[in-house]
Amino acid sequence: AGRAEAQRCLPKMRGIELRAGLNEADGYVLGAMLSSYAKGGNKWVYGLEYLKTSHGYRSTTIPAAQFTAEGGYYYNFLSDAKKVVFFYAGASALAGYETVNWGGKTLYDGARLNNKDAFVYGCAATLEMELYLVDFIALTASLRERFLWGGSMGVCHTEYGIGVKFIIN
């Protein structure tokens, strides 16, 4: 008897991903993504992300956060024959808002912050892996470098994280 294999990452399929990760500055990242698959298992991605870091100051820390929206294209450069594991290289445009100390300018000891809240813009380069557990649920792992200008948290931010993706159609 013949056996049917799963059909994954077909054009016009969509998935919702929830992700969490860490960055190089002892912070964390939370995000949500919508993936829309194209030919060859490639995909368009649209997402929202929250990056939280803390910077040491004397005996305390100063919080900094970025809220960004993203849109980009991920190229499927490797997958196995059974379509269980997919590897992607992606590029995205980013835009958002950055806040340092939640807008507060004066610290507990009277010192003033020169950092200002600002709109940020830039891009991201991502390497991502999807591992399908069943036809409609995949685990993801990613490594990405974000380049954002306009803010005071620095230009480059390295992130690594995991996620879970649900295929919705």
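β4 is the top contributor to the nonpolar patch, giving three residues; strands here are DSSP runs (E, at least two residues), numbered from the N terminus. This is a predicted model, where local features need pLDDT of at least 70 and side-chain atom pairs need 80 or more, while totals for chains, interfaces and linings use all residues. Residues are numbered from 1 along each chain, and side-chain values use heavy atoms, leaving out hydrogens and water.

The patch covers about 890 Å² and consists of Leu22, Tyr28, Leu30, Tyr75, Phe77, Leu78, Leu127, Leu143 and Tyr160. Areas are Shrake-Rupley with a 1.4 Å probe. β2 (27-37) and β4 (60-79) each give two or more residues.

Now for the inside. Eleven residues make up the largest nonpolar core, including Met33, Phe86, Tyr88 and Ala138. A core joins buried nonpolar residues through side-chain atoms within 4.5 Å; buried is under 20% relative accessible area, exposed over 50%, partly exposed in between. Apart from that core sits another of nine residues, among them Val29 and Leu51.

As for the rings, there are nine aromatic pairs, with centres within 6.5 Å; planes under 30 degrees apart are stacked, over 60 edge-to-face, the rest tilted. Here are two of them:

| Pair | Centres | Planes | Type |
|---|---|---|---|
| Phe86–Tyr88 | 6.3 Å | 15° | stacked |
| Tyr97–Phe119 | 5.2 Å | 70° | edge-to-face |

Tyr97 is partly exposed at 32%, and Phe119 is exposed at 65%.

Technical notes. Patches are made of residues with over 30% relative accessible area and no salt bridge: like charges are joined within 9 Å, nonpolar side chains (Val, Leu, Ile, Met, Phe, Trp, Tyr) within 5 Å. A salt bridge is a side-chain nitrogen of Lys or Arg within 4 Å of a carboxyl oxygen of Asp or Glu. Helices (H or I, at least four residues) and strands (E, at least two) are DSSP runs, numbered from the N terminus. Buried means under 20% relative accessible area, exposed over 50%, partly exposed in between (1.4 Å probe, protein chains only). Rings of Phe, Tyr and Trp (its six-membered ring) pair if their centres lie within 6.5 Å; planes under 30 degrees apart count as stacked, over 60 as edge-to-face and the rest as tilted.
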